[in-house]
Amino acid sequence: PNVGPILVSGLSIEQAGEKIKSKLASTIYRAINSGQTKVQISLGKIRSIRVTVIGQAKKPGNFTVSSVTTLYNLLYLCGGPTSMGSYRDIEVIRGNTKRSADLYDFLVEGNQSGNILLQEGDVIRIPYYKNRVKISGNVKREGKFEMLEGEKFTDLLKYCGGFTDDAYRGAVSVVRLTATEKQIIDLAA
């Protein structure tokens, strides 16, 4: 009652905690700054939000989830992209803005910068993939990998885990299918 209302709407629990502590410490609870008084913040009720998944998801549709759900949580709930879906350009559409997330950043590097907190009414769109490359032979993980414009063979090697111990690295054969022909190219070490 001696502090007044503290607005925390739209903040993470950590951000809200810092804002509450700062406001309390700047008014009547000055012992917070010295550490004599502690503040503990907990979330009592989590509201639900509705989000929509469209495009090449294994289970597209409307989802009612908690307000602390992130993009990666929702991708898990909807089964992720189908075999035709993109892992590199997942769109979060919020009103008139669009933000893209690249799942390879998370799957390969552990980078969660694309793992945004979802809001009421968000639309998650998984488009068709644009470019895929198949790699086989003496690599740690054979398979098909989605490649972005401008990525190189070294990027592909990172995605597949690199060469195995017994791989010949002097040259790699590339079979490229174009609109008119099949090309075979040798990449030197």
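**Cavity lining, burial and salt bridges in a predicted model**

The largest cavity is lined by Leu-71, Val-92, Arg-99, Ser-100, Ala-101, Gly-114 and Ile-116. The model is a predicted one.

Q: Which strand gives the largest share of the lining of the largest cavity?
A: Strand β4 (residues 97-101) does, with 3 residues. By class, the lining has 4 nonpolar, 2 polar and 1 charged residues.

Q: Why is Thr-70 called buried?
A: Its relative accessible area is 14%, and buried means under 20%; Thr-70 is therefore buried. Thr-70 is found in the loop between β2 (61-66) and α3 (71-77).

Q: What makes Asp-102 and Arg-88 a salt bridge?
A: Their closest N and O atoms are 2.8 Å apart, and the rule asks for a side-chain nitrogen of Lys or Arg within 4 Å of a carboxyl oxygen of Asp or Glu; the pair therefore qualifies. Asp-102 lies in the loop between β4 and α4 (103-109) and Arg-88 in the loop between α3 and β3 (90-94), so the pair ties together parts that are 14 residues apart in sequence.

Q: Why is Glu-151 called partly exposed, whereas Arg-88 is called buried?
A: Glu-151 has 23% relative accessibility and Arg-88 has 6%. Buried means under 20% and exposed over 50%, with partly exposed in between, so Glu-151 is partly exposed and Arg-88 is buried.

How values were computed. Residues are numbered from 1 along each chain as its sequence is written. This is a predicted model: local features need pLDDT of at least 70, side-chain atom pairs count only at pLDDT 80 or more; totals for chains, interfaces and linings use all residues. Side-chain values use heavy atoms; hydrogens and water are left out. On a 1 Å grid over the protein atoms alone, a cavity is a set of points where a 1.4 Å probe fits but cannot get out, and a pocket is an open set with protein on both sides within 12 Å along at least five of seven lines; lining residues have an atom within 4 Å of a point. Helices (H or I, at least four residues) and strands (E, at least two) are DSSP runs, numbered from the N terminus. Ala, Val, Leu, Ile, Met, Phe, Trp, Tyr, Cys and Pro count as nonpolar, Asp, Glu, Lys and Arg as charged, and the others, Gly among them, as polar. Buried means under 20% relative accessible area, exposed over 50%, partly exposed in between (1.4 Å probe, protein chains only).
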